[in-house]
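The sequence and structure come first, followed by the text.

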Amino acid sequence: MNFTWPAFLKWPAGVPQPNFLWPQFLWLLLLLPLLVLLYWWLMRRKNKLAVRYASLAIVKEAMGRGPGWRRHVPPLLMLLALAAMLLASARPVAVVALPSNQQTIILAMDVSGSMRATDVEPNRLVAAQNAAKAFLKDLPRDVKVGIVAFAGSAQVAQLPTVNRDDLVTAIDRFQLQRATATGNAIVISLATIFPNAGIELQQLSFDRMRGGMGRSLDQPPPKQNEFIPVPPGSYNSAAIIMLTDGQRTTGVDPIEAAKLAADRGVKVYTVGVGTVDGETIGFEGWSMRVRLDEETLKAIAQKTAAEYYYAGTAQDLQKVYESLSSRLTLEKKETEVTSLFALLGAVLVLLAGGLSMWWFNRLL
């Protein structure tokens with residue numbers, strides 16, 4: 001049962017509203033004003049008793065300097081402690097950042113010829129390599145990382161490992177190739193995450209209009225281990241980060257590959273780097289027109305409950321990886337924080353008792 005904050009009370013903008021699992025216990029907070037009134041009545045009664053002495057001045061002189069404002073501090077702390085404990089009884093929940101359960105991250109990196117372009121300094125490939133290395137440094141040491149390199153095909157450059165040196169070596173070994181198979185990269189990444197699931201490229205339909213790729217129409221699809229689809233983004237033990245600078249030119253349909261990832265709950269974060277409007281890239285005596293297919297990359301991220309990032313410069317790319325690092329290692333969850341309120345109440349009780357003993361040589 002969730003608590004709905006009253007409409008007539010305006011909660012500060014940008015601050016998450018409190019929520020409680022047992023909101024009916026919040027009625028107990030009405031006891032606090034009654035306790036304040038009781039304390040005020042006791043103080044007045046005490047003052048009236050003091051007036052009954054024949055000479056109040058003689059009494060004050062005998063007692064010395066009174067406690068003044070300090071006498072109200074312990075009761076106030078006790079009141080706050082009681083309020084914290086009553087709030088704890090209503091089982092408050094809050095959205096807090098907690099360490100993620102992420103255990104494996106697959107970096108699927110584009111190594112097609114267009115990554116040679118220098119619109120991202122010093123060029124797209126080097127900028128991507130440097131950003132990926134910085135990303136590895138920011139990750140906790142117990143997070144496994146795998147590398148998938150893709151161009152006209154996709155292959156595992158490094159199986160998931162916690163050895164950062166092996167990962168850096170794999171990134172430094174990238175060699176540029178022709179074509180771009182973004183769908184293949186997703187499928188190979190999934191096969192790396194689930195090595196025993198029977199995930200193969202042949203299980204998805206290929207684009208038969210491009211040179212007769214894929215299996216023939218009468219060829220039965222390879223057998224896939226049966227599994228029950230789960231909600232997109234619900235698998236928290238692994239994620240895929242795919243970086244590319246162009247649109248798919250061959251291989252598996254990336255939307256079909258994204259559906260395969262979504263059915264297994266794996267998020268595919270997509271990062272587009274380079275030119276959105278398109279640019280002619282020339283090298284080794286030939287040229288080609290490359291365009292960043294943001295629409296498809298956004299669709300992949302949306303289908304898998306992830307996010308798309310655009311990086312137009314090396315600095316942007318670095319910031320994207322920094323953001324992904326914090327997102328994948330810390331995740332915001334609605335968590336019960338009853339223990340924090342109970343701890344606050346206990347600390348306030350101890351503080352109230354300690355000050356009372358220190359100032360007045362009595363517990364309260």
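Two strands count as paired if DSSP finds at least two bridges between them. In this predicted model, strand β6 (residues 238–244) and strand β7 (residues 267–273) pair in the parallel sense, with 6 bridges. Within this pairing, alanine 239 stands opposite lysine 267 in β7.

**The sheet**

β6 and β7 belong to an open sheet of 6 strands with mixed pairing, in the order β5-β4-β3-β6-β7-β10. The edges are formed by β5 (154–161) and β10 (308–311); each has a single partner strand, so one side of each is left without a neighbour in the sheet. On average, neighbouring strands of the sheet are turned by 15° against each other, direction ignored.

β7 is also joined to β10, by 4 bridges, and these two strands run parallel. Here valine 271 has tyrosine 309 in β10 as its bridge partner. Of the 7 residues of β7, 6 are buried, so the strand is largely enclosed by the rest of the structure.

**Helices on the sheet**

| Helix | Strands touched | Angle between directions |
|---|---|---|
| α4 (residues 124–138) | β3 (104–110), β4 (144–150) and β6 | about 170° with β3 |
| α6 (residues 182–193) | β3, β4, β5, β6 and β7 | about 155° with β6 |

Alanine 131 is found in helix α4. How exposed or buried is alanine 131? Its relative accessibility is 0%, so alanine 131 counts as buried. Leaving aside neighbours within four places in sequence, alanine 131 is in contact with Leu317, Gln318 and Tyr321. Valine 320 is 189 residues from alanine 131 in sequence, yet the C-alpha atoms of the two are 8.8 Å apart in space.

**Helix α7**

Together, β6, helix α7 (residues 254–263) and β7 make a right-handed β-α-β unit. At the start of α7, a side-chain oxygen of aspartate 253 reaches to within 3.0 Å of the backbone nitrogen of isoleucine 255. After the helix comes glycine 265, with a positive phi near 75°.

Which residues of α7 are buried? They are Pro254, Ala257, Ala258, Leu260, Ala261 and Ala262. An α-helix has 3.6 residues a turn, so residues three or four places apart point the same way. The buried residues of α7 pack against α6, β7 and α8 (294–303).

**Confidence**

The chain has an average pLDDT of 79, and 74% of the residues score at least 70. Confidence in the chain is highest in helix α5 (residues 164–172), at a mean of 95, and lowest in helix α2 (residues 56–63), at 54. Over residues 205–217 pLDDT stays under 50, and for this stretch the model has 22 contacts beyond four places in sequence. Where pLDDT is low, the predicted coordinates should not be read in detail.

Conventions: Residues numbered from 1 in each chain as written. Predicted model: local features only at pLDDT ≥ 70, side-chain atom pairs only at ≥ 80, totals over all residues. Heavy atoms only, no water. Axes fitted to C-alpha atoms, helices over the stretch in contact; angles between N-to-C directions. Contact = heavy atoms within 4.5 Å. Buried < 20%, exposed > 50% of the residue type's maximum accessible area, 1.4 Å probe, protein only. Right-handed = clockwise from strand over helix to strand, strands pointing away. Polar contact = N/O pair within 3.5 Å; in protein donor to acceptor, adjacent residues only side chain to side chain. pLDDT = per-residue confidence, 0-100.
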